[in-house]
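Please look at the sequence and the structure first, then read on.

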Amino acid sequence: MTKSKDNPEKSRELISEENMKDLLTKQLEVVGSGGAFVWAIFFLCVTPNILNGFHVSSYTLLGHLPDDQWCDIPDLQSTTWTLAQKREISSKGLDSGGCTVWDWNYQQLAQMSYEAAMNYTLHLSEFGKPAEVSCKVKGQYEYANPETTFVSDWDLTCERSIQRTSAQVSISLGKFSGSFSFGILADKFGRKTSFTFGAVFFVVGSFFCTFSPWYSLFLAGRFALGAASSGLFYPAFTMIVENICLKHRSWMSIAFSASYPVGMIILAIMGYLIQPWRHLQLALTIPSLLLILNCYLMNESPRWLITNQRYDRVYKILFRQPSHYEIKPAIAASAPVVTDKKSLEPEVSFSLVDKLKNGPLKSIIELYANPNVRKLIFTSYFMFCVTSLSYYVTALNAANLNVSRYLYIIATGLVDIPSYLVPVIMLRYTGRRITTMFLFLWTGVSLLLVLSVPAGSTTWIVAFAMLGRFGISATYSVVTLYTAELYPTQIRNSALGTCSTFAHVGSISAPYVVDVLGALGWYIPTTICGCCVLVAGLLTLTLPETGTGKLSDNVEDTGAAPKTTEQPEKQ
């Protein structure tokens with residue numbers, strides 16, 4: 001026995017490192033099976049995902065196209081004409097949505113009555129219509145209810161309409177970079193550290209979006225929100241997967257994913273009640289301050305601490321008291337007998353490349369160095385990319401329907417919630433692999449059935465599209481859980497992070513699939529997604545089942561994973 005440095009009055013018992021790991025792992029299984037420990041992790045991890053539902057979907061309400069738009073011409077301000085009469089003179093016969101006007105001499109027309117000006121322009125048109133010019137040449141854009149959308153603040157319309165889309169692309173790009181960087185950060189420095197940085201990005205980005213006077217700063221805020229959503233999502237989800245027993249892990253991971261559409265429903269209600277977009281953005285920003293409380297109350301992941309040999313800290317978390325154990329020092333190997341002069345030569349210091357391989361890039365290299373892990377990771381990349389592409393394509397296609405944007409967001413959330421609950425039952429009886437494959441096939445068939453519906457049957461088209469969305473939403477939750485269980489603790493967050501990077505390749509591509517390919521044929525986006533999803537379902541058969549075995553901690557154990565999950569057939 002030895003005296004504790006922290007409390008010299010108490011002695012510390014010597015224990016081998018292997019026995020210490022076994023003790024802590026067994027205690028984690030005990031506290032992870034229920035009680036305050038489990039529920040604290042669950043609620044601290046679920047609440048940030050509701051906030052993700054706020055901001056990632058807020059583009060539909062904050063950046064919608066104005067209900068009406070026209071060109072206001074200063075030269076006609078001095079007239080007594082009505083707004084309708086001014087628009088009749090400046091843009092009669094034009095179908096540009098207020099982006100262009102006729103190149104009349106409006107100073108001259110302002111000196112006439114409306115009837116005289118109309119007769120004059122009709123007379124001139126008999127000899128040839130005037131040139132069609134941009135509204136910016138003759139005036140400025142005006143909007144109906146301009147306070148409800150950020151489009152009016154920065155004139156993100158007509159020739160600048162592509163910049164409106166960049167607000168949503170900024171979110172996707174932020175998630176793209178955040179999923180990669182925060183995943184590595186979580187594996188290297190801990191789940192709580194990554195979560196804390198994500199919370200800081202989230203709060204700062206929210207305030208940038210709320211009070212930004214410039215569109216570039218607004219985009220920077222949106223990028224920060226996208227990066228922060230990954231910084232909050234993956235460490236929080238990994239905390240649930242790593243520290244909660246198999247009995248609760250399935251339904252809690254599904255409930256975690258279902259919290260996202262809950263945020264969408266709350267967003268739609270708030271958007272209906274709060275019309276000005278800056279006021280709505282502020283209302284969405286204030287709840288993010290609760291993340292400060294989450295960071296204060298959240299403990300580091302015990303399993304991550306065990307893997308990184310921080311035994312005293314994890315002991316205090318699991319047993320709620322300081323550790324009275326001390327790890328036995330490793331027995332030093334006897335010094336080798338010098339039999340050659342080369343043994344006396346100084347050791348060569350590690351190069352910069354070696355330091356990077358054994359340092360920041362270690363977890364990334366391990367994803368591709370091990371052949372068993374490599375097979376898993378490329379299949380996972382395709383599954384994540386296709387799932388994300390289909391998820392956002394169904395969302396964007398539905399948004400083009402002539403329905404209220406508030407009702408649409410609520411309907412999407414209501415469709416998504418049961419789609420997360422159904423897999424809970426399936427996972428209990430069919431396992432991870434069969435459930436994932438079935439949901440991929442469900443989605444693919446539903447989206448391909450759109451081809452069998454005539455173009456005018458909007459109700460049936462929407463019905464099949466929503467069936468596809470139901471399936472892909474369910475697939476999203478199961479794929480995330482399945483992927484987290486496929487990889488060992490050493491590289492789990494790096495695997496999830498890089499998989500999420502490929503998922504955001506799909507989300508960034510989705511608008512182009514809808515806008516560009518959809519212009520060629522309304523059925524092309526759903527057909528592409530349906531075919532890709534079917535391929536992903538077939539690739540699932542190459543993956544091992546993970547629902548009947550324990551999570552592995554080391555990369556070397558990955559090759560043996562399929563063997564540990566084999567169960568004798570029931571007679």
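Y315 has a relative accessible area of 2%, and it is buried because that value is under 20%. The model in which this residue is seen is a predicted one. F319 is partly exposed, at 24% relative accessible area. Both residues lie in helix 16 (residues 311-319), 4 residues apart, which is about one helical turn. The ring centres of Y315 and F319 are 4.3 Å apart and the planes meet at 25°, so this pair is stacked.

A second pair can be described in the same terms. W39 and F42 belong to helix 2 (residues 36-56) and are 3 residues apart, about one turn of the helix. Their rings are edge-to-face, with 5.9 Å from centre to centre and 85° between the planes. W39 is partly exposed at 40% relative accessibility, whereas F42 is buried at 8%.

The count of aromatic pairs is 27. One aromatic cluster is made up of F150, W154, Y215, F218 and W277. A ring can also have a charge over it: the charged end of R469 sits over the ring of Y391, 4.3 Å from the ring centre.

The next topic is the cysteines. A disulfide is a covalent bond between the sulfur atoms of two cysteines. The model has 2 disulfides, given in the table.

| Disulfide | Distance between sulfur atoms |
|---|---|
| C71 and C135 | 2.1 Å |
| C99 and C158 | 1.8 Å |

Which parts of the chain does the pair C99 and C158 link? C99 is in the loop between helix 4 (83-91) and strand 4 (100-102), and C158 is in the loop between helix 8 (151-154) and helix 9 (161-189). These are distant parts of the chain, 59 residues apart. The S-S torsion of C99 and C158 is about -90°, so this disulfide is left-handed. Both C99 and C158 are buried.

For C71 and C135 the S-S torsion is about 90°, so that disulfide is right-handed. C71 is buried at 8% relative accessibility, and C135 is buried at 0%.

Counting bonded cysteines along the chain, the disulfides have the pattern 1-3, 2-4. C532 is in no disulfide, and the nearest cysteine sulfur, that of C529, is 6.7 Å away. C532 is partly exposed, at 25% relative accessibility. C45 is buried, at 1%.

Notes. Residues are numbered from 1 along each chain as its sequence is written. This is a predicted model: local features need pLDDT of at least 70, side-chain atom pairs count only at pLDDT 80 or more; totals for chains, interfaces and linings use all residues. Side-chain values use heavy atoms; hydrogens and water are left out. A disulfide is a pair of cysteine sulfur atoms within 2.5 Å. Buried means under 20% relative accessible area, exposed over 50%, partly exposed in between (1.4 Å probe, protein chains only). Helices (H or I, at least four residues) and strands (E, at least two) are DSSP runs, numbered from the N terminus. Rings of Phe, Tyr and Trp (its six-membered ring) pair if their centres lie within 6.5 Å; planes under 30 degrees apart count as stacked, over 60 as edge-to-face and the rest as tilted. A charge sits over a ring if NZ of Lys or CZ of Arg is within 6 Å of the ring centre and within 35 degrees of the ring normal.
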